[in-house]
Amino acid sequence: ASSTTFSTAATLSVTAPAQGDTDSALSKSGSGLGYGYVGLAGAESLKALSGDNYTFEAWVHPTSVCTGANCTIAGREGDWLLSYNSGELTFITYNSNTWGSWQSTGTNIPLNQWSHVALTKNSTTWTMYVNGAKTFSTTLSYSPQASSSYYFYVGNRIGGSFSFQGSIDEVRLWRSDRGANIATDMNSTTTNASTLIAYCVS
């Protein structure tokens with residue numbers, strides 16, 4: 001796995017950790033910049049290449065339902081975005097030089113408590129998991145934009161827009177479909193795995 005650095009334009013506060021974890025979490029309330037982006041030596045490796053299987057996972061603790069707004073949990077411009085809107089998890093993928101449609105997943109997570117969220121890609125199938133259980137799956141066309149200028153953002157989109165209100169911790173990106181392992185991964189802090197490409201904790 002590659003080592004990561006984390007860049008941000010605002011002060012991060014400390015919030016109660018998830019599931020007995022002893023480190024802090026990325027936390028934000030109010031408007032403006034609040035999180036930042038994952039930077040790698042070779043940041044392009046974070047791109048979910050169209051031919052690859054892929055997994056994003058993190059612990060999230062929303063403090064606002066983000067009514068009428070896609071508050072960003074994580075993602076990359078010209079690639080895919082995972083958001084929280086009116087209490088529901090939703091995501092969008094990029095295909096042939098344009099964004100597709102936001103997916104209405106019917107997957108809600110509660111305010112003011114930690115939930116583990118994962119999104120996997122296997123061929124053309126995208127699947128969502130919450131606390132280790134599959135909650136949504138769909139088939140989507142997908143062709144990400146090839147540009148190393150777009151970093152992988154956590155908690156907001158590029159420029160600080162559409163910020164997630166709450167806390168995010170234990171962000172992991174895998175170059176594989178970890179769906180069968182999510183229930184175990186969510187309570188693990190392993191970094192010794194051949195397909196783990198980024199692991200970001202605050």
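**Group meeting: a cavity, a core and a buried serine**

Hi everyone, let me start with the cavity lining: sorted by class, the largest cavity is lined by three nonpolar, three polar and three charged residues. Before going on, please keep in mind that this is a predicted model.

So who are those residues? As for volume, the largest cavity comes to about 30 Å³. A search over the whole structure turns up one cavity of 30 Å³ or more.

Now to the core. How many residues does the largest nonpolar core have? It has 31 residues, and Phe 56, Ile 73 and Trp 80 are the ones with the most contacts inside it. The element that gives the most to this core is strand β4, residues 54-62, with four residues. As general background, nonpolar side chains in soluble globular proteins tend to be buried together.

Last stop, Ser 115. You will find Ser 115 in strand β10, which covers residues 115-122. Is Ser 115 buried or exposed? Ser 115 counts as buried because its relative accessible area is 2%, and the cut-off for buried is under 20%. And what surrounds Ser 115? If we set aside neighbours within four places in sequence, Ser 115 is in contact with Ala 58, Trp 59 and Val 60, with Ile 109 and Pro 110, and with Val 130 and Asn 131.

Notes. Residues numbered from 1 in each chain as written. Predicted model: local features only at pLDDT ≥ 70, side-chain atom pairs only at ≥ 80, totals over all residues. Heavy atoms only, no water. 1 Å grid on protein atoms, 1.4 Å probe; cavity = no way out; pocket = protein on both sides within 12 Å on 5 of 7 lines; lining within 4 Å. Points joined across faces, edges and corners; volume = space filled by probe spheres on them. Nonpolar A, V, L, I, M, F, W, Y, C, P; charged D, E, K, R; others polar. Core = buried A, V, L, I, M, F, W, Y, C linked by side-chain atoms within 4.5 Å. Buried < 20%, exposed > 50% of the residue type's maximum accessible area, 1.4 Å probe, protein only. Helix = DSSP H or I, 4+ residues; strand = E, 2+ residues; numbered from the N terminus. Contact = heavy atoms within 4.5 Å.
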